[in-house]
Amino acid sequence: MRTPEHSIDSFKFVLDQIVGDLKGVFVGTHDVLAVLGAYYAARKMYGAVSTVAEAVYVHLLGRASNMDWVTNYGPWAVVTGSSEGIGRAYANELALRGLNIVLMSRNERRLARAKAEIEMDCKVRVEYIVADFASDNQTDLYKTIEAALADKEVGLLVNNVGVMYDFPDVLLNISQQKLWQLIHVNIGAATMMTHMLLSAMVDRGKGGVVVVSSGSSTQMTPQMTVYSATKRYLDYFIHSLAYEYRNSGITFQCLIPFYTATRMTGYSERLSKGGWIVPDAARYASSAVETLGRSQCTTGYFPHTLQLWIGQAVPNWLWMWGSEKLNNSLRQEALARLARRASRYGSQEILSDNSRTP
Ligand SMILES: NC(=O)c1ccc[n+]([C@@H]2O[C@H](COP(=O)([O-])OP(=O)(O)OC[C@H]3O[C@@H](n4cnc5c(N)ncnc54)[C@H](OP(=O)(O)O)[C@@H]3O)[C@@H](O)[C@H]2O)c1
């Protein structure tokens with residue numbers, strides 16, 4: 001009969017055997033380090049190759065698809081913050097793919113113009129809801145939106161609406177009202193709209209939910225602190241949801257654009273000029289829309305993917321140092337513009353800054 005002492009003896013025996021065998025294989029510590037180094041290098045190499053392969057698939061090969069968007073998602077798409085900028089351009093892309101569109105933003109005149117333009121270009125139905133996601137009465141806001149969408153089979157929700165400070169700045173220069181606006185619009189709208197529309201998608205076993213995050217969420221970004229933190233929330237939100245509903249047939253996607261020339265970047269002439277690195281909204285959206293269903297997390301635009309790779313390659317302290325330098329210079333540019341405007345219009349005050357009431 002075996003006693004515990006026997007077990008200990010036999011374990012020690014086996015261990016001695018293994019150590020003895022390994023000694024035969026590795027002549028010394030150098031060999032062990034060499035194997036660990038080779039393993040590390042192989043893992044890094046695999047990571048780099050699969051990242052490039054994924055980018056090729058998402059940005060190049062995916063474009064050959066002939067997906068039927070209405071069958072795949074459903075007849076209606078809701079795009080928040082869609083009277084202009086990325087949301088407006090993304091809505092146009094969806095309409096070109098046959099989806100009826102519900103536009104949402106605060107300004108009815110801009111919404112009516114966007115509706116007329118999309119209807120002229122595409123043979124789809126376009127409706128709009130005038131809504132302020134920063135409203136003081138958040139409960140009533142979402143009740144009203146829910147009632148307005150009640151008769152629609154919404155297959156795709158694009159949580160695009162987002163606000164930044166008027167220009168990059170440190171926390172104490174941002175008004176409390178602006179901070180609430182960021183929280184309600186950037187976090188609240190995506191959370192509540194998804195909560196409202198996801199259940200019917202789950203019942204139908206198909207649909208799509210997109211959030212528009214930001215490159216500033218990929219590392220800590222000083223002088224865009226609250227903005228980038230709200231965008232980080234979206235990253236976590238959509239990836240966790242994708243896991244929770246992984247067997248539901250619903251597509252989830254987090255888009256992380258870098259600088260795009262829109263009203264949001266209008267505080268800087270350099271950014272407003274646009275180009276290959278800083279595309280306009282139309283160019284960005286036509287690229288991003290094609291990545292839906294191909295990647296759960298993508299910049300949506302290849303030159304932005306290059307920027308993401310650079311950002312991921314540098315240590316956090318370098319990213320923060322660079323962001324602060326860039327944001328300081330963008331703030332100086334914005335303040336100089338505001339000062340010029342103020343002097344042109346004969347005002348002693350700068351009429352717009354981050355602490356002004358929105
Ligand atoms: N542009 C960039 O460089 C950049 C980079 C990374 C991420 N993003 C993200 O991309 C998304 C779109 O940005 P964008 O550059 O296209 O912005 P934009 O040009 O400023 O457009 C924002 C849209 O949201 C609407 N909106 C703003 N506040 C609203 C509110 N309280 N309630 C309802 N609608 C509101 C605006 O319409 P009204 O004014 O008529 O309400 C407009 O249609 C945002 O989430 C942004 O954070 C942008």
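User: What makes β3 and β7 the edge strands of the open sheet?

Analyst: Let's start with the order of the seven strands, which is β3-β2-β1-β4-β5-β6-β7, with parallel pairing. Two strands pair if DSSP finds at least two bridges between them. β3 (126-130) and β7 (297-298) each pair on one side only, and that makes them the edges. This is a predicted model, where local features need pLDDT of at least 70, side-chain atom pairs count only at pLDDT 80 or more, and totals for chains, interfaces and linings use all residues. Residues are numbered from 1 along each chain as its sequence is written.

User: How do you know that β1 and β2 pair?

Analyst: Count the bridges: strand β1 (residues 76-80) and strand β2 (residues 100-105) share five, in the parallel sense, and the definition asks for at least two. Within this pair, V79 stands opposite L103 in β2.

User: What makes Q223 buried?

Analyst: Q223 has 22 other C-beta atoms within 10 Å, so it counts as buried. You will find Q223 in the loop between β5 and α8 (225-244). Q223 also has a positive phi of about 70°, although it is not a glycine.

User: Why are α4 and α10 called oblique to each other?

Analyst: Angles under 35 degrees count as roughly parallel, over 145 as roughly antiparallel, 65 to 115 as roughly perpendicular and the rest as oblique. Helix α4 (residues 85-96) and helix α10 (residues 281-288) pack at an angle of about 50°, with axes 8 Å apart. That angle belongs to the rest, and the two helices are therefore oblique.

User: Which kinds of residues make up the contact of α4 with α10?

Analyst: They divide into eight nonpolar, two polar and two charged. Nonpolar covers Ala, Val, Leu, Ile, Met, Phe, Trp, Tyr, Cys and Pro, charged covers Asp, Glu, Lys and Arg, and the others, Gly among them, are polar.

Notes. Axes fitted to C-alpha atoms, helices over the stretch in contact; angles between N-to-C directions. Helix = DSSP H or I, 4+ residues; strand = E, 2+ residues; numbered from the N terminus. Buried ≥ 20, exposed ≤ 12 C-beta atoms within 10 Å, placed from the backbone.
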